[in-house]
Amino acid sequence: MKKYNISPKKIFYFIFWTTLFISVGFQILDPNNPLKALLPTFIFIILAISISHYVSDYELPKALKKGELKKFIVKALLFTLLLSLTLALNFSFFPSSFSQQKMLMQQIHLSQQAQFLSELYKAFPSAMAIITTTCGIRFYEEHHKIEKVNAKLKQEHLEAHLKLLQDQINPHLMFNVLNHIHTLMQSDVELASTVLLKFSDILRYQLYECNHKMVLLHREIQYLQDLVAIEQIRWGDELDVDCQWNISNRDLVIAPLLLVPLIENAFKHVSRLPNTKGYIIINFTEKNDTLNLYIENSYSDKYKLNKKEGGIGVINVQERLQMQYPTAHTLNISHSDEKHIVELTVNLKEN
């Protein structure tokens, strides 16, 4: 059996127009001939519905779309005057026999023209109230639609911006890894083959899993471990790398490639002093749905080349954290003359 759902808007209009019909009909009611008031009242209600809904359902949306509100106000006033005329005609030609005003007019012998103008003056506020009511409801509906469209556009803009930030990482990493493989091919083909296999895993992850808004945390960690392994092969004995990866909940998800720039920067900016072995410490823990990442690398300003501002790096991470975990993260970055430290905490359940 088909169910018919009546919207609150339809119920409101039914009550509104019924009440108006009764109110107008009562004001021109003739006790000696009650049916006489039905036809003019019915005609007025039809005109009122037609005029008011034309203004609210056609003129108002068109004005909002084109930004012509001043022009709409002028049109609305003209239609209000037209509705006032119909109401004044009703009260002039079909006055209630109970109307004290009618008796007063007869006593002072007002002309029919003066009576009509008086009725028109009194009818204008009522006509204004009718059109304002219908336009108010329509304006609320249009405003709600505009808000939904704006919210959708804002969401699409954020998603596009996130995709742009994510895509910035991919080619940067790809070139780095390919350069590693090219270098190894000149000295150690077997090791280059090992790196190439890990590179294929990295590509597979980025092509097939990173297209989603969220990825499993343990898959993101595996990806990071592959990147760290490639960097360790690249640096060899020149760098000490100490990594700890601890996860208690393998069902958690995280924004893909979010942490890559932080780890990549540690290898990129680790100190390269002569006769000194650099180090990197990566401590990744997840407990009670909260991710804690601690990255420390040896750092020195000596022999450091001046680089132009720009690139992705920390700015990329900060922007993505602000968009995807706005109230669920803390990021602290500090460095001294000897070391650089990054501490990140993210509640993965509050994204």
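Modeller: Helices here are DSSP runs of H or I with at least four residues, and strands are runs of E with at least two, numbered from the N terminus. This is a predicted model, where local features need pLDDT of at least 70, side-chain atom pairs count only at pLDDT 80 or more, and totals for chains, interfaces and linings use all residues. Residues are numbered from 1 along each chain as its sequence is written, and side-chain values use heavy atoms, leaving out hydrogens and water.

The buried residues of α9 (under 20% relative accessible area; exposed is over 50%, partly exposed in between, with a 1.4 Å probe and protein chains only) are Gly313, Asn316, Val317, Arg320, Leu321 and Gln324. Down the axis of α9 they fall within an arc of 125°, so they line one face of the helix; the arc is taken from the directions from the helix axis to the C-beta atoms.

Now the rings. Phe, Tyr and Trp (its six-membered ring) pair if their centres lie within 6.5 Å, with planes under 30 degrees apart stacked, over 60 edge-to-face and the rest tilted. That rule gives seven aromatic pairs. One of them, phenylalanine 12 with phenylalanine 16, is stacked, at 6.0 Å centre to centre and 15° between the planes. Both lie in helix α1 (residues 8–27), four residues apart, about one turn of the helix.
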